[in-house]
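Please read the briefing below alongside the sequence and the 3D view, which are shown first.

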Amino acid sequence: MGDVGTFPFGWVRGIKGENWQIIWDPKTEAITARGAVSKRIIQLGESSKWMDAKDCADKVMSNPELFFDEKIESKTG
């Protein structure tokens, strides 16, 4: 298999005044959210498999408040 890049799964909009892109990197197995304006990166989880990463991303996009509030507050406080 060739060099694989990151997989963008979608967006979470309007959390803490920011839009966040949900991204999975199969090399590091990290599932992260990247701020569109701030470029901040928040670790959301880990997965070695695309399907598991997609499931996690779907959960984040469906219920972003469960994933973002605590992680963002701990980074800025």
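Is Gly14 buried or exposed? Gly14 counts as exposed, because its relative accessibility is 56%, where buried means under 20% relative accessible area, exposed over 50% and partly exposed in between, with a 1.4 Å probe and protein chains only. This is a predicted model, in which local features need pLDDT of at least 70 and side-chain atom pairs count only at pLDDT 80 or more, while totals for chains, interfaces and linings use all residues. Residues are numbered from 1 along each chain as its sequence is written, and side-chain values use heavy atoms, with hydrogens and water left out.

**Overall make-up**
- The protein has two helices and four strands, which follow the pattern β-β-β-β-α-α along the sequence; helices (H or I, at least four residues) and strands (E, at least two) are DSSP runs numbered from the N terminus.
- Of the 77 residues of the protein, 32% count as buried.
- Among contacts (heavy atoms within 4.5 Å) with a separation of 6 or more, 33% come from residues 24 or more positions apart.

- Strand β1 (residues 7-15) pairs with strand β2 (residues 18-25) in the antiparallel sense over six bridges, pairing being assigned if DSSP finds at least two bridges between two strands.
- Val12 has Trp20 in β2 as its bridge partner.
- Two residues lie between the strands of this hairpin, in which Lys16 takes a positive phi near 55°.

**Around Gly14**
- Gly14 is found in strand β1.
- From C-alpha to C-alpha, Gly14 and Pro64 are 9.9 Å apart in space, although 50 residues separate them in sequence.
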